[in-house]
Amino acid sequence: DPTNPKLPVAPGGPLATMEEPRRLQANCFFRGKEHSIQLSVSQAALEVEVEERRSTKRWRGHFDAASVEDLTRKTGNFKQFGIFCSMLEAALMKSSEAVSLELLTYGDLEALRCCKVGMATRPPPSTSPLSSKRYLILVYCVEFDRIHYPLPLPYIGEADVAALRRLVQEQQDELAQLRDELRRAQQEVWRLEDERLRDKAWHQQEQRRMTKELTEVKAAEKMLRAHVKTLTAELAVCRKGRSTSATAPGCPRDHHRSNSRDSRSSSQSRLPPRSPSPAGSRPPRFNPTAFVRSREQRRQEAELRSRGLRGPSTRSPLSASSCNSTSVASHLDRGCKQHGKENLGTEPSATLSEIDARLQALQAYISTLGTHM
C-alpha cells in the first residue's frame with residue numbers, strides 16, 4: 001500500500017533522486033543464529049547479501065526494479081520498486097511495526113505454500129541447487145492480511161581467509177570491549193557496595209549515638225520530675241505554714257519588739273569592757289608648768305654658778321595688765337592642777353617671763369600636736 005503512513009518514502013519520489021548506491025547493514029537472529037544483512041540500494045537495482053556469522057556462509061541476490069515489481073505483483077499486493085526498498089529498509093532497521101524479516105530455506109518456503117493450499121509437502125533432494133538457497137522474506141502485515149515477499153538468495157560459499165581474519169579481529173575487538181564494560185560494571189558494583197557499607201556503618205553509629213542521647217535525656221527527665229515533685233511538696237508545706245501562722249492567735253508585734261530590745265540590751269550589757277589604747281598610740285601629754293620650772297631651775301643654777309651664792313629674787317605680783325585673757329590663766333591653772341595642789345599653794349603668783357615661757361611652751365606643744373595628727 002503506497003499510501004501507508006507507517007512506511008518511510010524518499011522525498012521527491014521513491015528513490016528518484018538517488019545517484020550513488022546507499023548501503024545499510026544490520027545484524028538479525030534467525031532460528032537462534034546470528035546473521036549479518038547488507039543492503040545496497042540504487043535508483044534501479046537492489047542487492048541483498050546475508051552471511052551467517054558463525055559459519056561464514058554467504059548468500060547474495062541482485063534484483064532490478066522490474067523483477068522486484070513483478071515479484072510483488074505475483075503476491076497479489078503490488079508495490080513499486082521505491083516503496084518496496086523503503087519497506088525493506090524499515091524492516092532491517094526495525095523502524096516500523098508493519099514490516100519484518102524472515103530467512104527461510106527452500107523447504108520452509110514450500111511448506112508455507114503447501115499450508116496455504118492444503119497440500120502435502122515433499123522436501124527437495126539434497127543435491128538440488130534449490131536446497132542451498134536462502135529466501136529473505138519481507139513480511140507485510142495489513143489490517144486483515146499478511147503478505148510475504150520472498151527474495152531468493154543463491155549460495156556463494158564461505159568467506160575467504162582475509163574475510164575470516166577480519167571477522168576474527170572484529171570478534172576479538174568486540175570481546176575486548178565487552179570485557180572492558182564488564183570490568184567497569186564490576187568496579188561500579190564494588191564502589192556502590194563500599195558506599196552501601198559505609199552508609200550502613202554510619203547509620204548504625206548514628207543509631208547508637210541517638211539511643212545513648214535518648215537514654216540520657218530520659219534519665220535527666222526522670223531527675224527533673226523528681227526535683228519538681230520535691231519542690232512542689234516543699235511549696236505546699238510553706239503555704240500551709242503561712243496560712244497557719246496567719247490564722248493562729250499569737251503575741252502582738254509590740255511585745256515582740258520589746259523582747260527584741262531586751263535581748264539586744266542584755267547582749268550589750270554582757271559585752272566585755274573596751275581595753276585602753278596602747279601607750280604608744282598617742283604622744284604623752286605636755287606639762288608647760290613643769291617645763292618652765294625645769295628651765296627656770298637650770299637658769300638659776302647657772303646664775304649661782306656664775307655669780308656666787310644668792311638668794312632668790314623677789315617676784316613682783318602678777319598684775320591684771322600682764323594677763324590678757326582669763327582663758328590663758330585658767331588653762332595654766334588646769335595645767336598646774338595635774339602636778340598637785342601643793343604647788344599652787346607655794347606659788348601664789350608668777351612672773352611675766354614665766355607666763356610668757358609657758359605660753360611659748362604651750363604653742364610649741366600645740367604645733368607638736370598638729371604635726372603628730
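Biologist: How many bridges join strand β5 to β6, and how do the two run?

Modeller: First, the ground rules. This is a predicted model, in which local features need pLDDT of at least 70 and side-chain atom pairs count only at pLDDT 80 or more, while totals for chains, interfaces and linings use all residues. Residues are numbered from 1 along each chain as its sequence is written, and side-chain values use heavy atoms, with hydrogens and water left out.

Modeller: Strands of a sheet pair through backbone hydrogen bonds, either parallel or antiparallel. Strands (E, at least two residues) and helices (H or I, at least four) are DSSP runs numbered from the N terminus, and two strands pair if DSSP finds at least two bridges between them. Here β5 (residues 99–105) and β6 are joined by 7 bridges and run antiparallel. E102 has I137 in β6 as its bridge partner.

Biologist: What lies opposite I137 in β7?

Modeller: P150 does. Strand β7 (residues 146–153) is joined to β6 by 8 bridges, again antiparallel, and a hairpin links β6 to β7 through 4 residues.

Biologist: Why is β6 described as largely enclosed?

Modeller: Burial is read from relative accessible area: buried is under 20%, exposed over 50%, and partly exposed in between, with a 1.4 Å probe and protein chains only. Of the 8 residues of β6 (residues 134–141), 6 are buried, so the rest of the structure largely encloses this strand.

Biologist: What is the strand order in the open sheet of 5 strands?

Modeller: The order is β1-β2-β3-β4-β8, with antiparallel pairing. β1 (22–30) and β8 (155–158) are at the edges with a single partner strand each, so one side of each has no neighbour in the sheet. Between β4 (residues 57–64) and β8 there are 3 bridges, and W59 stands opposite Y155 in β8.

Biologist: How many aromatic pairs does the structure hold?

Modeller: Rings of Phe, Tyr and Trp (its six-membered ring) pair if their centres lie within 6.5 Å; planes under 30 degrees apart are stacked, over 60 edge-to-face, and the rest tilted. The structure holds 3 such pairs. One of them, F84 with Y149, is edge-to-face at 5.8 Å centre to centre and 80° between the planes. F84 is in helix α2 (residues 81–93) and Y149 in strand β7, so this pair ties together parts 65 residues apart in sequence. Both F84 and Y149 are buried.
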